[in-house]
Amino acid sequence: MVDLTDIRDITADLPRSYEVLVRDQIKFRVGQIVYLAVSRDEETIGIGFPREERAAALAAEPDKFFPPRPSDERYQWIQVRLAALDREELRELIIDAWALCVPKKVRAEFFGS
């Protein structure tokens, strides 16, 4: 199982990413855009995720993914159970979420293209 330490390790290398504490909840941002939020009990995360792919992910892996709160459904967002992830899956989800909100130039430099 992955935890907050793994999340911090992965986000540490992402350009323009930083951690904030908002109402006792840890969030990771690029500028003012939140791309990852850790639940208060640190068992789940909310993460940036393409809206058009959300329904397929929820249907394919209901033990891993669950829908965001109704107020967050309009955003590119999904909830994930950390117990269902290994470190590589977590890394992929975090980098994909970060890439959704970082400027194209920064993303291209990070991926080396």
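**Briefing: placement and contacts of selected residues**

At 53% relative accessibility, Arg16 counts as exposed (over 50% relative accessible area; buried is under 20%, partly exposed in between; 1.4 Å probe, protein chains only). The structure is a predicted model, in which local features need pLDDT of at least 70 and side-chain atom pairs count only at pLDDT 80 or more, while totals for chains, interfaces and linings use all residues. Residues are numbered from 1 along each chain as its sequence is written, and side-chain values use heavy atoms, leaving out hydrogens and water.

- Arg16 sits in the loop between helix 1 and strand 1 (17–22), with helices (H or I, at least four residues) and strands (E, at least two) taken as DSSP runs numbered from the N terminus.
- Beyond its neighbours within four places in sequence, Arg16 is in contact (heavy atoms within 4.5 Å) with Arg29, Val30, Gly31, Pro103 and Val106.
- The C-alpha atoms of Arg16 and Trp98 are 9.5 Å apart in space, although 82 residues separate the two in sequence.

**Asp6 in helix 1**

- Asp6 belongs to helix 1, which covers residues 4–11.
- Asp6 is classed as buried because its relative accessible area is 15%.
- A polar contact (N or O atoms within 3.5 Å, one able to donate a hydrogen and the other to accept it; residues adjacent in sequence count only if both atoms are side-chain atoms) joins the side chains of Asp6 and Arg87 at 2.8 Å.
- Not counting residues up to four places away in sequence, Asp6 touches Met1 and Leu90 as well as Arg87.

- Leu36, leaving aside its neighbours within four places in sequence, is in contact with Ile7, Ile26, Lys27, Phe28, Ile45, Gly46, Ile47, Trp77 and Ile94.

**Positive phi in loops**

- Asp24 is not a glycine, yet has a positive phi of about 65 degrees.
- The loop between strand 1 and strand 2 holds Asp24, which counts as exposed at 63% relative accessibility.
- Glu42, also a residue other than glycine, has a positive phi near 60 degrees.
- The loop between strand 3 and strand 4 contains Glu42, and a relative accessible area of 37% makes Glu42 partly exposed.

**Leu58 in helix 2**

- Leu58 is part of helix 2, residues 51–60, and is partly exposed, with a relative accessible area of 22%.
- Not counting residues up to four places away in sequence, Leu58 touches Phe65, Phe66, Pro67 and Ile78.
- Leu58 and Ile78 lie 20 residues apart along the chain, with their C-alpha atoms separated by 8.7 Å.
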